[in-house]
Amino acid sequence: MPEIATNTPPILPPKEAEEKVISPWKEGWKSFRKNKVAIVGLGIVSFFILIAIFAPVIAPYSFDGQKLSDKHLAPSAEHWFGTDEFGRDILSRVIYGSRISIGVGFLSVAGSVVVGSFLGIIAGYYGRWIDTIISRIFDIILAFPSILLAIAVVAVLGPSLRNALIAIAIVNVPIFGRLLRSRVLTVKEEEYVTAAKAIGMGDGRILLHHVLPNSLAPIIVQGTLAIATAIIECAALGFLGLGAQPPAPEWGKMLADSRAFIIQAPWTVLFPGLAIMLTVLGFNLMGDGLRDALDPRMKN
Amino acid sequence: MKKTLALLLTGILALSLALAGCSSSTSKEKDDGKGGSSEAKGGVLIYGKGGDAVGLDPAIVTDGESFIVTQQIFETLVKYGEDDTEIKPGLAKSWEVSDDAKTYTFKLETGIKFHDGTDFNADAVVKNFQRWAKSKDEGKFAYYASMFGGFEGDEGHVIKEVKAIDASTVEFTLNRPQAPFLKNLAMPTFAIASPDGIEKEGDDFTKNPSGTGPFKFKSWKPGDTIEVVKNDDYWQDGLPKLDGVTFKVIKDNSARLNAAIKGEIDLMDGLNPSDISKVTGDEKLQIFERASMNVGYFAFNVEKAPFDKKEVRQAISHLINKKEIIDNFYEGTAEPAKNPMPPSVSGYNDKIEDYDYDVEKAKELLKKAGLEDGFKMDLWAMPVPRPYMPDGQKVAEAIQASLKQVGIEANIVSYEWAAYLEKVQAGEAQSFMMGWTGDNGDADNFLYTLLDKDNIGSNNYARYANDEVHELLIEAQSTADEAKRNELYGKAQEIIHDEAPWVPLVHSLPQLAGSKTVKGFVPHPTGSQSLVNVSLEN
């Protein structure tokens, strides 16, 4: 849209200034780009996201189309990843499964980021008894092994993909809450916050415009790593029959359904397992790269 | 100060290392000891099973895992054939039936002693029956109540009197003829226990049982093992062949098979159909196939819409491809079912034509019911492998895909096994997977137990009520003439087939595995058997 661009008044700072003050995001991207391992991670993640988006176009078959007579066909030109016990094409199921796993990963982490940040900021900024209550709640949640807590939550809510997502989100809330709280505790002592207070800025505005943006980098780093964990937890719940319900092609559930056939038909477990491994690896590599690039403490 | 601490820590470390070394070496020695003794085990057979017994008093238990053990310790007046339910002499060597089929006179074997040393005689038989009939405790003696129409004084009670004519003769007088009377008596639950033992042990008799069987109870580690040893005074010469049997609980089917492959157990039940090739490929193992006396089915709750409409039930009957289900989930170890009872049971109506797999016919029937656009339903599937259904969840998933062809969206529901049974029994499920293994090989035990209106709330999970069927089944119960009974049952099956409260899926052939050294073992179709003729040979 060139018209709009030309119409925009030039409020950008003069060119010399831009060259001197490089935004931390740009600087981060520069150092991220140099990190080859991180780029591989980004590549894997983008690959799976694209697969998830275009699943109906790419998948050669439907994910729930059974043909019982085609049970356990070995990988061939017709079925690249072979077929499962129901004669369903495993390639198509793995492709559609990426929608579930990545969807759950992003949504649950988004949920925990929103709730966790909100609680963390409040606890950190206001301190005193609010802080005590919220922090103790976080401690209680963190006292449970995460997968055990997720199982307990699903057991209460009933097994379904939506409830698995909620459970995973709940488990991750304290991670972001504590992260944000500690950031706020440092940021709120900064001079620019004192300055903002001095000119009479309201709490809401200070939190939203000064504190939150300065805490974004660690959230992104932690968020990327949390997506990896969320995908594993989703698969674990699916494996235990507490996540996605049949015929949904959830990777963990595919593993559970096929584990009896690991000798006779290894492809039925190999490919969903590989898919879980690759996405988690991708998000972890990318998260590590982001941390190296964005975390000021990692800079020499 | 710091130095002392460091010294102390080092000391603890060294000590713990030494201890660790010690303990590992002692455990090794122990293992060696065990290996040595198992080599010299002679004739003790180790039987791997999926669950522990509930109790060892056969009169008060109802589960197969208990009967597998009590069958070794106890015996019944009459017993089943080795692999069928034909009636053979047991503790009674012969019997006579009066012309009106209301009086049964049994001649008992003489010279038999219970394991506690007291005599087995007609008095003992009478005392056992009185213990059940007079108890009026349906929670305790559930099988007695359901097989003999309640307790003494109840309107439907079958047994009027049990009388000892002399030390070796017992006479049963019935209130009304009961065609499967002898078959009922042969059920392992109606075994004769030592009256002395019952009196002495009281409620603990179930933990310290005493019968006349080929093996004596020795020990029970709950959740782990039950040991029985040879009864040296057993009344049949030369039997039992084994020195003892140890029942070992290994819950997981695959883990149990691994134990069999490693030689830790000699015999196991509950072999997954998908694991058959592992057994046939192992030169030390052999397969035992249990003759089929069960039915696995998919049933509708006929009280819940839309399954209150016959057309909808028939439509779904046309949508299920039994052959493919058998090929995929039973590895062929089952035959398709068209009636609620297996063909091995007398009275099976083979003339019935099964609903063929035909999507078009199903669509037509749904149109008739006004449901051509499909509907949403709950499909309950059992969470545990059963002899008649190795993997209910997967069969349900196959049915789910079949139903989708006509726009029916099935949501698979599952609960933990005990809760599942309870909820299905209470009529909470809209449609569900279920199955039944026959107790005594009689048609009554399938049709009346599972589909008569009298049994809604107990075993008639489909809540199917049809007066015509009810009359046929009651008449068959009181008819002694086999041909006439079969005709009545045949008719009942026709009506049930047309009304389709169930989709009978399969009669499975449960598979067992054992070491090739096991000889003379014949799995009984009722699910438990005596090991009196079994031996271990190299």
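Okay, let's start with a helix pair in chain A: H8, residues 146-157, packs against H12, residues 216-239, at an angle of about 55°, and the axes are 11 Å apart. Keep in mind that this is a predicted model. With that angle, H8(A) and H12(A) are therefore oblique to each other, and their crossing is right-handed.

Who makes the contact? On the H8(A) side you have Ser146(A), Ile147(A), Ala150(A) and Val154(A). Across from them, H12(A) brings in Glu233(A), Ala236(A) and Leu237(A). By class, the residues of this contact come out as five nonpolar, one polar and one charged.

Next, the annotation. The UniProt entry, which is unreviewed, lists "transmembrane region" for residues 37-59, 100-125, 137-158, 164-180, 215-241 and 261-283 of chain A. I'll pick out two of those. Residues 37-59 of chain A are 91% helix and 0% strand in the model, with 29 Å between the end C-alpha atoms. For residues 137-158 of chain A, the figures are 86% helix and 0% strand, and the end C-alpha atoms lie 24 Å apart.

Last thing, the contact between the chains. Chain B puts in 12 residues and chain A puts in 12 residues. Which helices of chain B each supply at least two residues to the side that touches chain A? Those are H10, residues 322-329, and H12, residues 392-404. The largest share of that side, five residues, comes from H12(B). As for classes, the side of chain B that touches chain A has three nonpolar, five polar and four charged residues. So much for the chain B side, and that's where I'll stop.

Methods:
Residues are numbered from 1 along each chain as its sequence is written. Chains are lettered from A and ligands numbered from 1 in the order in which they are written. This is a predicted model: local features need pLDDT of at least 70, side-chain atom pairs count only at pLDDT 80 or more; totals for chains, interfaces and linings use all residues. Axes are lines fitted to C-alpha atoms, for helices over the stretch in contact, and angles run from 0 to 180 degrees between N-to-C directions. Helices (H or I, at least four residues) and strands (E, at least two) are DSSP runs, numbered from the N terminus. Angles under 35 degrees count as roughly parallel, over 145 as roughly antiparallel, 65 to 115 as roughly perpendicular and the rest as oblique. A crossing is left-handed if the near helix is turned anticlockwise from the far one by less than a right angle, and right-handed if clockwise. Two residues are in contact if their C-beta atoms, placed from the backbone, lie within 7 Å. Ala, Val, Leu, Ile, Met, Phe, Trp, Tyr, Cys and Pro count as nonpolar, Asp, Glu, Lys and Arg as charged, and the others, Gly among them, as polar. UniProt positions are given in the numbering used here, feature names are shortened, and annotations may be inferred rather than shown by experiment.
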